[in-house]
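The following paragraphs walk through a structural model from its secondary structure to its packing. Please keep the sequence and the coordinates at hand while reading.

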Amino acid sequence: MINVLIVDDEPLARKELRRVLSKTDDINVIGECSNAIDAIGVINREKPDVVFLDIQMPRVSGIEMLSMLDHEKMPHIVFLTAYDEFAVQAFEQHAFDYLLKPVNQARLDKTLQRLRRDREPQKIDQLPGANQLRQIPCFGQHHVQLVRMEDVEHVASGVSGVYVVSTDGTERPTELPLHILQDRTPLLRCHRQYLVNTDCIEKINFLENGLAEISTKRGQVIPVSRRFFPQIKERLGIL
Amino acid sequence: MQINLVDLSLVLLQQMCVYLVVAYLLSRTKFFIPLTHVTIRPPHKLACYVIFSVFCMMGAILGMPVVHAIANTPAIGAVLGGLLGGPVVGVAVGITGGLYRYSLGGSFALAAALGIVVQGLLGGLMHRHLIRKGKVRTLFDPVKAGALTFVGVVLELLIDLAVARPFGQTLEIVLLIAVPELIANTLGAAMFIGILLDRRALIERQSSLFSAKALAIAARADGVLRRGFNQENSMTVARIIYEETGVGAVAITDREKILAFIGIGDDHHLPGTRISSASTLDAIANNEVIYADGNEVAYQCSISPTCPLGASLVIPLVGEDSHVIGTIKLYEPKTKLFSTINRTLGEGIAKLLSSQILAGRYEQQKAMLAQAEIKLLHAQVNPHFLFNALNTIAAVTCDDPEKARDLIGDLSTFFRMNLKRPSQIAPLAEEIEHVNAYLQIELARFSDSLSVDIDIPDSLGRVRLPAFTLQPVVENSIKHGTSQLLRPGHVSIKARQENEVLVVDVEDNAGLYEPKPTGQGLGMSLVDRRIKNCFGPSYGVTVASERDVFTRITIRVPLEAASK
């Protein structure tokens with residue numbers, strides 16, 4: 001049995017795909033999402049085997065959504081598009097599965113057969129745009145907020161999860177782990193539990209024992225661990 | 001004193017040679033230049049009078065006394081003075097020469113004096129006749145000048161016979177001097193004109209210099225007007241022409257006003273003012289070159305009576321379909337003659353500038369058209385929309401074939417209306433139909449997250465606006481507005497009448513409008529430009545937006561726009 005998630009902003013498109021997928025017995029559609037934000041939550045929670053992912057979606061495109069996921073624990077992605085020459089070019093180049101809408105049954109059968117046989121790990125990193133975060137998705141109680149990189153002061157990880165702290169001091173939880181944020185954003189790792197936006201650093205105070213702490217322009221103090229100090233000095237050009 | 005005919009002829013011819021040598025030497029001086037052109041300017045007339053009077057008297061002095069008469073050649077001066085200077089100069093030369101001849105005495109004195117006056121008059125009348133016929137060139141024809149002098153001498157001899165007494169003696173003398181005088185005067189006049197022509201050719205030989213100037217102008221002015229036929233570029237070109245031709249002043253006008261003026265008189269010929277000269281307006285209206293040389297065609301500056309400019313050449317600048325787009329004008333002051341070279345040069349320059357302006361306009365239009373067409377082609381084909389629509393219809397087909405058929409109908413309506421030429425004007429009702437077809441598809445695509453309401457009073461349905469105005473605006477609201485929302489989107493389309501203006505508001509609840517030149521800006525500016533093209537700058541498209549709350553695009557067109 002293959003567990004499948006459909007992500008598309010058009011209800012009829014989702015319905016149509018669900019209809020053609022339901023003709024096969026070994027495909028189990030576990031859910032549908034109408035945008036990337038919802039989909040990130042479902043993917044992290046339900047861990048589907050395969051995601052049918054539309055590219056053109058509101059606010060966060062399918063490709064950008066991939067940058068918000070942990071590539072190590074990624075489901076297999078089958079891209080969907082009605083018309084996008086550039087995307088199709090990239091899919092062909094890196095041998096990603098993709099389907100053109102309206103979906104052609106024969107083509108879908110072929111894709112499904114491949115999915116059943118073996119799902120080789122996809123090199124999502126190679127897809128242009130899938131490795132760079134422009135904004136961090138943060139989850140409130142009833143909504144999702146996308147925090148743009150220039151609005152992030154620092155990111156802190158604690159017992160209750162990872163929090164994005166904005167330049168105005170607002171804290172928002174995010175589902176993205178610290179190491180992904182470190183890899184895909186310009187944020188600087190200064191401590192096991194902290195990433196900092198270098199644009200927000202006002203000064204670095206040197207402490208005893210080779211320790212230090214960062215003061216942000218807002219007055220927030222962020223610890224710097226001995227381990228990351230050399231990297232920070234290098235990045236900031238301090239000798 | 002026995003004089004034979006051959007000797008007399010030889011003597012007269014000898015005298016004529018002396019006479020022509022003097023004429024030739026004089027022709028090398030500046031005094032001679034006015035004689036090479038037909039002129040009505042008093043100083044030139046005076047020069048003409050003085051020179052020909054001198055020649056006339058010289059002809060009389062160099063004469064050879066034959067009994068009571070003098071076989072001589074004053075006829076050349078008198079006839080040519082009249083021929084080149086007109087009746088007044090001719091008669092004046094004749095009287096001067098006549099008085100002088102009279103002072104020399106002899107029984108022929110009175111008759112000869114009268115004869116000289118008559119010859120001057122003859123030349124003058126011929127001058128007037130030829131000018132009226134427009135045959136200025138004939139004035140400088142050596143053969144015809146010779147023939148006229150021949151006639152003049154015949155007249156003189158007849159007068160001699162009529163006036164001088166006693167008749168018997170007169171007849172004898174006339175018979176003696178007739179042939180030598182006819183030969184000497186005729187040849188002399190012809191050769192005199194020949195010298196004039198040579199002199200003129202010499203002056204005009206400088207034309208090779210002018211062709212070099214023409215090339216210099218062409219090179220310097222290349223491409224200037226291609227950048228646009230406006231005041232600034234016209235000034236640049238006028239300056240180049242002024243500097244290269246050395247004329248008194250240069251002006252460039254469009255159909256209404258002076259775009260550039262450089263040179264003498266630029267204190268009252270001001271760029272930006274309306275054209276007041278009748279000849280310029282004529283040149284524009286009739287697409288013809290108008291040459292007011294200040295001689296045969298009077299020229300007077302239409303702005304200032306004290307303007308020193310005395311001659312103007314107006315050449316139309318011709319655009320597509322022989323439509324006059326403006327003029328170029330060359331001026332010379334009253335103290336200077338308009339060279340035929342500058343006249344030709346002027347026409348050449350006008351052709352050069354016309355083709356430049358035309359090329360510029362063509363390029364500009366091509367660029368605009370290309371941009372509009374690419375944009376339009378995109379909109380017409382709109383692959384995103386088409387494939388998404390087909391996908392939607394495919395999805396609907398199974399569950400609701402009826403609905404699917406409707407959607408296919410909407411899709412075909414949409415594309416059929418897209419294929420309308422964009423230059424066409426369509427009533428608002430038709431635009432709404434187009435928008436409706438489009439919206440039906442979009443509503444089906446985003447059935448769970450899009451709602452639309454349309455409020456257009458029926459009475460406004462007949463207002464006309466450029467076809468393909470409303471749909472791109474609505475599409476913009478959905479594509480860059482509601483479809484980017486994570487919450488339900490809403491679009492409202494409202495039309496109302498505000499005084500004599502139709503106002504259509506298209507408002508979405510996304511508020512994602514970014515006033516930077518992105519893809520959406522281009523589409524909106526195209527719609528805006530087309531409305532402004534049709535109805536003027538006070539109409540078009542405006543945008544109001546509040547971030548995350550709403551974006552409102554407002555279209556304004558005049559209510560009484562029956563047709564373009």
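Helices (H or I, at least four residues) and strands (E, at least two) are DSSP runs, numbered from the N terminus. Residues are numbered from 1 along each chain as its sequence is written, and chains are lettered from A and ligands numbered from 1 in the order in which they are written. The model is predicted: local features need pLDDT of at least 70 and side-chain atom pairs count only at pLDDT 80 or more, while totals for chains, interfaces and linings use all residues.

Begin with two backbone details in chain B. N499(B) lies in the loop that joins β11 (489–498) to β12 (501–508) of chain B. Its phi is near 55 degrees, a positive value in a residue other than glycine. A residue is buried if 20 or more other C-beta atoms lie within 10 Å of its own, exposed if 12 or fewer, and partly exposed in between, with C-beta atoms placed from the backbone. N499(B) has 7 C-beta neighbours inside 10 Å and therefore counts as exposed. F468(B) also has a positive phi, near 75 degrees, and is not glycine. This residue is in the loop between β10 (464–466) and α15 of chain B. F468(B) counts as buried because 23 other C-beta atoms lie within 10 Å.

In α15 (residues 470–479) of chain B, nine of the ten residues are buried. Among them are L470(B), P472(B), V473(B), V474(B) and I478(B), but also Q471(B), E475(B) and N476(B).

Chain B as a whole has 16 helices and 14 strands. Of its 564 residues, 45% count as buried. Two residues are in contact if their C-beta atoms, placed from the backbone, lie within 7 Å. Among the contacts in chain B between residues at least 6 apart in sequence, 69% join residues at least 24 apart. D293(B) gives a local view of the chain. This residue sits in the loop between β5 (290–292) and β6 (309–318) of chain B, and it is buried because 21 other C-beta atoms lie within 10 Å. Leaving aside neighbours within four places in sequence, D293(B) is in contact with A311(B) and F338(B).

Now turn to chain A. Two strands pair if DSSP finds at least two bridges between them. Five strands of chain A form an open sheet with parallel pairing, in the order β2-β1-β3-β4-β5. Neighbouring strands are turned by 25 degrees against each other on average, direction ignored. Axes are lines fitted to C-alpha atoms, for helices over the stretch in contact, and angles run from 0 to 180 degrees between N-to-C directions. Within the sheet, β3 (residues 50–54) and β4 (residues 76–81) of chain A pair in the parallel sense over five bridges, and V51(A) has I77(A) as its bridge partner in β4(A).

Helix α2 (residues 36–46) of chain A packs on this sheet, touching β1 (2–7), β2 and β3 of chain A, with its direction at about 140 degrees to that of β2(A). Helix α5(A) lies across β1, β2, β3, β4 and β5 of chain A and runs at about 160 degrees to β5(A). The loop between β5 (97–100) and α5 (105–117) of chain A holds P102(A). The peptide bond from K101(A) to P102(A) is cis, with omega near -5 degrees.

A nonpolar core is a set of buried Ala, Val, Leu, Ile, Met, Phe, Trp, Tyr and Cys residues joined through C-beta atoms within 7 Å. The largest one has 99 residues, and V7(A), F52(A) and V474(B) have the most contacts inside it. Helix α14 (residues 428–445) of chain B supplies the largest share, eight residues.

Where do the two chains meet? The contact takes 20 residues from chain B and 15 residues from chain A. On the side of chain B that touches chain A, α12(B) gives the largest share, eleven residues.
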